[in-house]
Structures are given as C-alpha cells and as structure tokens.
Amino acid sequence: MNGREYKGVLKGLKVVEFAHVLSAPMTGTLMADMGADVIHVESPGIGDSSRTIGPDKDGVHLWWKVMARNKRAVTLDLRQEEGQRVARELVDWADVVITNMRIRTLERWGLDWKTLHERKPKLIYLSVTGDGLGTTNENAPGFGKVGEARSGVVNITGFPGGPPVHTGFSHADTVTGLMGAFAVSAATYRRFEPDFDGELIDIALFEPLFRLVDWQVIVHDQLGVVPQRAGNQLAVAPGLVINTYGTADGHWVTITSGTPKSVRNVLQLLDLEVDEYMGAAARSDAREDLDERLRQWVAAHTAEEALIRMRELEVVAERVHDMADIAASPLFREREAIITVEDPELGPVRMAGVIPKFRQNPGSVWRTGPAQGQDNDEVFSEVLGMNETRIEELKSNGII
C-alpha cells in the first residue's frame, strides 16, 4: 500500500489524469484530498513540467510537493501505440478521466471523449481547454492568464487610471480546478442510475471566473455600464466603506461595511453624525470623506491598537495577513488549516490542510507529490494485473 490511506467522502472513486501543469491536475488533487484514488500519468523522462515550476530547496522543487499530493504517479509514453493501449486499460479501471491536453492530440491517441465513451459508456470525462470544445479554436493551447483576461476579472482589478492587474497567484487555473472538482462530484451523483450515459464536462479556462463575476453581465445588459477598476472598492459597491489602510507601525488593515449597522459602527468610531453620511440628507462626498477620515485615524494607531478599538465597536476589520502572519495565527491553528506532512526528500513540510472540512468523513493528506514513476510497479501490477514479464517489457521498450 506504500502508506496509502484513502479517507473521505470520495473514497472508492477511481480517477486517471492525462493532464499536466495546474488547471486539470488541481481537480485531481482536490478530489484526492477527499479520498479518491487518483493516478497521474506523465511521460517518461521529462515528465510533468510542473515538477520544476517555482522555487526549490537544494534542487527539490517545492510546489510539486503540494500540487500532486495524495496521487499515485506513473510514467507512460502516449506517443507509442503500446502506451496508448495501456492508457486505455487504465481508463477501463477508472470511473473518471481528467485531461487538459489538446483535443487533436487526444483524438490521435484514442483518448478523446467520443472514443472512450464508446469504450466505457458510464465514464465521467472532464475536459479543460482554453476556448472550450466545439469552438473555432478548440485545439489551441490554453493558459490561465489568458482566461483571467477574458473573464472580466482583470479589467476590474487595480486602481482607477492604472493598468489592469492579475491577482498574485494562478487564479484562472486554480478556480478552474475547483470548478472541475465540483462538476465531477456532481456527475458522480448520477452515475449509479440505470440510464446514466456517462458525462462529458466541458470547461474553458475563462468560464469559472466569468461565472463568479456574475453581476457584470446583467449590469451591462440592463444599465449599459461597463464596470471599471475601483481600487480596493468594488466596481458595484454594496457598502460605504471598503478599503485598506496603512497603520502607524507599517502594517495594513482592511475595513468594510456591507450593512447599515456596520456603517454606523464606523461612524461611531470616528465620532461622526449618522445623518451626514447616511440617508437622503447625506453629503454628496460621503464615501470619499469617510474614506479619508478612516485613513487618517488608522495611520495614527498601530495595527493592534486599531483592531482592538474596532472590535470593541464591532467595526468589520482585519489585518492584511502575509504568510508570516498566517503561520503564527491562532485562528489558522484552531482550524488546523496548516498541517505537517512527512516528505522523503525534505522531511516534515507544512502545507494547507484539506478544505472543505467534512466532519463525518474527513479527508486527509497521506503523501506529498510523488517522484516520477514512483508507483509504476504497484499500479501496473495491482490495478491492471500485469505480470513482471510485461512490466519489464514496457520498461525495456521505453513505454514506462
């Protein structure tokens, strides 16, 4: 078993990934956290390029340890016919196929939806592409930053008069992974019904973020407004106060007000009259004036002083956390949001825990990202029933 411990609500679900980098593999990682048995397939030699993405410690790349956790890793040369045959054997074992490879490549290898659906009618198949299936450019490569730009999110992120800003992480890729995990899980709800005819889940990289910025479509449709950058405000702001403010000791706090009561609490903090800032008689520059007064008030206090006083008055505020703050946070510790996992190369490493939490059937992390081909012998013998002779033949022919 090599230390495997499948725990969680998806225990027993079998997944094979013909995918690389982040968007589709993120779906597999999230599902593996919940107990699914996920086999990640990559080419012999070079392997998944995400193995060498990001910072390293003494040559050991760190991101892979988290990105590929809880998966089994096998190598398979899909450019060779024998590798394609073995891949289809893995499909026969699996309940779910996850891929973000190019459509024409998958068709050439016999790993496209149409071919595999005919072979296994109840298969759930997740396809992640840049433009989506059936579009003019369905075979074009997909990149997360392009998806972010298309979604509308980048256009409304940043300050007025300044350039549009991407968020500080792989936003479209990771949200696509999350949407993929939701979609596959939804499809599994139906898979035991007698008339279930499999499912093709078709996600373009721009669509999950586009769905989350749902208000921009109806605002444009009904008001003719194109939302623009508003800094730390919102393009369609529901409250009088939304911004970040620098403290006297060099930190930042965010303050927000989404309800009339929370606005009154801010006004009480600043000893201001409610009627001057709320209601029909409110001054025309209420938002701008209140924002400037808050900026001055926060700048005169340390972060701790400001937060103590604001919490006394139930002003909705929090320090803007960096990773050092997160690592020391009592709340993160109470939530077990950061866990420690043993890694064969790095020893104990800390990483984000399993989210969301299931109280009755919690997920777990039983391994960090595996070495390339680490599970070849185990998977091909136990999962596919190959004998030692065939496995050695695959090795000698460069298939695995």
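How does Glu292 count by relative accessibility: buried, partly exposed or exposed? I get 30% for Glu292, which counts as partly exposed. My cut-offs: buried is under 20% relative accessible area, exposed is over 50%, and partly exposed is in between, with a 1.4 Å probe and protein chains only.

Ground rules before going on. This is a predicted model, so local features need pLDDT of at least 70 and side-chain atom pairs count only at pLDDT 80 or more, while totals for chains, interfaces and linings use all residues. Residues are numbered from 1 along each chain as its sequence is written, and side-chain values use heavy atoms, with hydrogens and water left out.

**Entry: salt bridges**

Glu292 forms a salt bridge with Arg295, with the closest N and O atoms 2.5 Å apart. For a salt bridge I require a side-chain nitrogen of Lys or Arg within 4 Å of a carboxyl oxygen of Asp or Glu. Both residues lie in helix α12 (residues 286-299), 3 residues apart, or about one turn of the helix. Helices (H or I, at least four residues) and strands (E, at least two) are DSSP runs, numbered from the N terminus. Arg295 is partly exposed too, at 41%.

The structure holds 34 salt bridges. I looked up two that reach across the sequence.

Asp343 pairs with Lys65, with the closest N and O atoms 3.1 Å apart. This pair links distant parts of the chain, as Asp343 sits in strand β12 (residues 338-343) and Lys65 in helix α2 (residues 63-67), 278 residues apart. Asp343 and Lys65 are both buried.

Glu82 forms a salt bridge with Arg390, at 3.0 Å between the closest N and O atoms. Glu82 is in helix α3 (residues 81-93) and Arg390 in helix α17 (residues 388-396), so the bridge ties together parts that are 308 residues apart in sequence. I have Glu82 as partly exposed at 22%, and Arg390 as partly exposed at 24%. The pair belongs to a network of salt bridges linking Glu81, Glu82, Arg85, Glu89 and Arg390.

**Entry: a hairpin**

Strands β9 (residues 242-246) and β10 (residues 252-256) pair in the antiparallel sense over 5 bridges; I call two strands paired if DSSP finds at least two bridges between them. Ile242 stands opposite Thr256 in β10. The hairpin has 5 residues between the strands, and Gly250 takes a positive phi near 85° there.

**Entry: aromatic pairs**

My search of the whole structure finds 2 aromatic pairs. The rule is that rings of Phe, Tyr and Trp (its six-membered ring) pair if their centres lie within 6.5 Å, with planes under 30 degrees apart counted as stacked, over 60 as edge-to-face and the rest as tilted.

Tyr6 and Trp366 have ring centres 5.8 Å apart and planes at 85°, so this pair is edge-to-face. Tyr6 is in the segment before β1 (14-18) and Trp366 in the loop between β13 (347-352) and α16 (376-383), 360 residues apart. Tyr6 and Trp366 are both buried.

Trp113 and Tyr125 have ring centres 6.0 Å apart and planes at 65°, so I log that pair as edge-to-face. Trp113 is in helix α5 (residues 113-119) and Tyr125 in strand β7, 12 residues apart. Tyr125 is buried at 3%.

On a 1 Å grid over the protein atoms alone, a cavity is a set of points where a 1.4 Å probe fits but cannot get out, a pocket is an open set with protein on both sides within 12 Å along at least five of seven lines, and lining residues have an atom within 4 Å of a point. A volume is the space filled by probe spheres set on the points, which are joined across faces, edges and corners.

The largest pocket holds about 780 Å³. It has 35 lining residues, with Ala19, His20, Val21, Asn100 and Met101 nearest its centre. Helix α4 supplies the largest share of that lining, 4 residues.

The second largest pocket holds about 590 Å³. Its 18 lining residues have Met26, Leu30, Val66, Thr174 and Ala352 nearest the centre. α1 gives the most here, with 4 residues.

I count 1 cavity of 30 Å³ or more. The largest cavity has a volume of about 50 Å³, and its lining includes Val21, Met26, His40 and Trp64.
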